[in-house]
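Subject: Handover of a structure for your review

Dear colleague,

Please find the structure below, followed by an account of what was found in it.

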Amino acid sequence: MTVSTLEAGERGAAHAPPGARARARPWLYLSPLVVALLVWVYGPLVFTAVLSFMSWNLTDTHLSWLGTANYARLVDGRDFPRAARNTLVFAAVLLPFATVVPMSLAIALWKRPGRVSSVYRALLFLPVVLAPVAMAITWQFLLDPLSGLVNVITGRLGLGTHNWLGDPATALYAVGFITAAKVVALNVLLFGASLASLDRGLLEAAALDGATEWEITRHLVLPHLRRTIVLLGMLSLVVVWPWIFANVAVLTQGGPDGATDNVYYRLFTYAFTFFDAGTASAAAVFITTALAVVLGIGLLLTGRRRRDFA
Amino acid sequence: MSTPDQPTRAGRRRRSLTAAIVLVLATVLAAVSACGDSSTGGSTTAGSTSAADQKITIRFLSYNYGTPDIGGQGTQALIDAFEKAHPNITIKPQGVAVADVLTRLQTDTAAGSPPDVAQIGWSKMAAAYDLLPIVPVQSIPAKADWDAAMAGFNQRLLSAVAVNGQVKAIPYTISIPVIFYNADLFRKAGLDPTRPPTTIDEVKADALAIKDKASAQGAYFAVVDSGKSDYLTQSLIASNGGREVGADGQPAFDQPPAVAALTAMQDLTTSGAQPAITATNAVAAFSAGKLGMLVGSTAVAVSLAKAAKGRFELRSTGFPSFGGRPAAPTYSGAGLAVLAKDEAHQQAAWEFIRFLTSPEGFTIITSKIGYLPLRPSLATDPKYLATYFATNKLLSPALAQLDHVSPYQSFSGKRASQAVVALQDDAVEPIVLRGAKPASTLSSVAGQVRGVLAQK
């Protein structure tokens, strides 16, 4: 298309009612993003969905059609249901560390501004910038069952020693607790950002009216943070898995007895340990669908609340 | 009616439209040029070396290359020595994490540009034969050339790795399991470090003595491997006269010799002779001088020697046997496989492999990285490794057992690695560390593995 044609089109569009060309114009502006989304997000999503019905070892040029056999393998087998259950437990363990704990810390820091609070905030944020694998290796030393610092301390306190990562009863909670440090660190910062928009004058006014510290927190600060709590709760449960993955890969490799296996580590195992792209894709479809349902419910709830407030 | 700002708005619209078109074109061009780059790269490598007498570049994928430790330094020394001896062949090394070797080779092959030579772990070799376009190394040179190059190589190992009588990948960086022991803890426990245990029963007795009298942990068989490798499981079962995998590629680990071998391992744990920890924790404890014996691969010999220096006296002895039956450990480590596509690159790859497995090559591999010299006569040859072995005794017991190694066995079919993980995770670890009943657990997991192997 030449410039003169474009100019003619512009002039025509300025005087004529919007036609097909005018309706198409926004799509032209959107096309770089749409192309990128198709190539990197929705294309692979469709490819994954198709692959979930096939058998493929990642290199073979011949893909064979299996129908729903990959899904049946996931559902009938022992590993994926166990990984799904563990994933829910991980989420339940981490939820308070994504909401209540960082919110309490952020409120405490916000209420006492000053140099000490800044130092605390910096120290709390430190785990976020540390490389996940480096952190996992550090915890490997700390939780060593024979000479780790944690057992040395519990031993000296008379609490006895324990193989935290080697016992199926405690391994998931140990990995969850290690991951919680990062979640708390990030969310303290985000709750702090939300609190920054709260007018301190309101608090002073409430205090002058005789409100106690708890009443101020309960009736002023918490309502202000309500949407942030929902958002960070949901967001954390979506973004936390790469951190859990690194800890599981370094510390337990899904064990002992599958206690720390989760759907993400299982997907990786299917794809890159067993080279079974079909089953891995079926697992990916399960995960994506489950996440879509959870996020959909979350959006419905927050949407309804917004309408109730309106 | 036109107003003064209309031309400006129209101009802005035009500029936005032009920018959008340019952006779309740029995206398309970038994608096209990216595809063009990869295809050009592929053809250059192949085309630059059409004739054997021309300069040629071959790509070498190695998990030792590029690491900051002795493995990386040793591999670089091997490449430097080869390029000096063969000025017309250039080696382009590529590093890779050990756990990602097969994944990387899969993706490189899918992209149409596999490396010419690759270092592949033996536990992944059966899968590699199944998945990758490997050119059997023995098929590349003429028979006389092959025979001349392999004269002096450990023939037991060569026949152990052969598939239907043909060596497809050649043993390169090989380890076999031995007992490493802390001579100081032996003395503290009233044991004679010059008479280390030779059977599993003796290991147990000495371990309990160390635990009682030297205030340290006794012994640890690194059978619960964090990499989920089964080489030590196979070594134990084979030493007890059994097989992990039957001749048909199906599980045989539910048979009495295998059950007895793992029962012996469980007995070590329940008696207190062995701590119920993972291999990673055990290596840390041994390095810290808090574990009397560590039964594991000679691959860790150099790092253990480094950890022991100035702390305790480190010694080693052969893999223990079950009673009067001779020990039959299997090997771990890696072999070299050729994936070169054309004749010229295959010949250059063979030249490189011939050098790596020559007396000069193994002298560097042993002295700089610590793997076994697979030409046993080098250990006593003053021209090669006699001086090294005079001062480094840790590898000698393994070298003596090289003639008794049993072949590494692989499950059949494309789900072989899944079967190994099931065996290690669902049977070996619960039996050895957590007291699961050996016979019923192995029987149940064997059934599970048969089901896995039968899946499409």
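For chain A, an unreviewed UniProt entry lists residues 27-56, 88-110, 122-142, 171-193, 228-250 and 270-301 under "transmembrane region"; UniProt positions are given in the numbering used here, feature names are shortened, and such annotations may be inferred rather than shown by experiment. This is a predicted model, in which local features need pLDDT of at least 70 and side-chain atom pairs count only at pLDDT 80 or more, while totals for chains, interfaces and linings use all residues. Residues are numbered from 1 along each chain as its sequence is written, and chains are lettered from A and ligands numbered from 1 in the order in which they are written.

Chain A

Two of the listed spans were examined for secondary structure, where helices (H or I, at least four residues) and strands (E, at least two) are DSSP runs numbered from the N terminus. Residues 88-110 of chain A are 96% helix and 0% strand, with 32 Å between the end C-alpha atoms. Residues 270-301 of chain A are 91% helix and 0% strand, and their end C-alpha atoms lie 35 Å apart.

Chain A is divided into domain 1 (3-51) and domain 2 (78-309), the bounds coming from an automatic or database domain assignment. The C-alpha centres of these two domains of chain A are 41 Å apart.

A:Val183 belongs to helix α9 (residues 171-195) of chain A. Is A:Val183 buried or exposed? A:Val183 counts as buried because it has 27 C-beta neighbours inside 10 Å; the cut-offs are 20 or more other C-beta atoms within 10 Å for buried, 12 or fewer for exposed, and partly exposed in between, with C-beta atoms placed from the backbone. Residues up to four places away in sequence aside, A:Val183 touches A:Leu94, A:Phe97, A:Ala98, A:Ser236 and A:Val240, a contact being two C-beta atoms, placed from the backbone, within 7 Å. A:Ala98 is 85 residues from A:Val183 in sequence, yet their C-alpha atoms are 5.8 Å apart.

Chain B

Chain B has 18 helices and nine strands, and 48% of its 456 residues count as buried. Its domain 1 comprises 56-168 + 332-404 and its domain 2 comprises 177-331 + 407-454. Between these domains of chain B, 19 residues of domain 1 are in contact with 26 residues of domain 2. On the domain 1 side of chain B, two or more residues each come from α4 (125-131), α6 (155-161), β9 (332-338) and α16 (396-401). The largest share of that side, four residues, is given by α16(B).

The largest nonpolar core has 132 residues, and B:Ala282, B:Leu294 and B:Phe352 have the most contacts inside it. A nonpolar core is here a set of buried Ala, Val, Leu, Ile, Met, Phe, Trp, Tyr and Cys residues joined through C-beta atoms within 7 Å. A second, separate core of 36 residues includes A:Ala98, A:Leu109, A:Ala174 and A:Ala185.

In helix α11 (residues 279-287) of chain B, seven of nine residues are buried, B:Ala282 and B:Phe286 among them. The cover over the buried residues of α11(B) includes β5 (177-182), β6 (217-221), β7 (291-297) and α12 (301-308) of chain B. Just after α11(B), B:Gly289 has a positive phi of about 80°.

Yours sincerely
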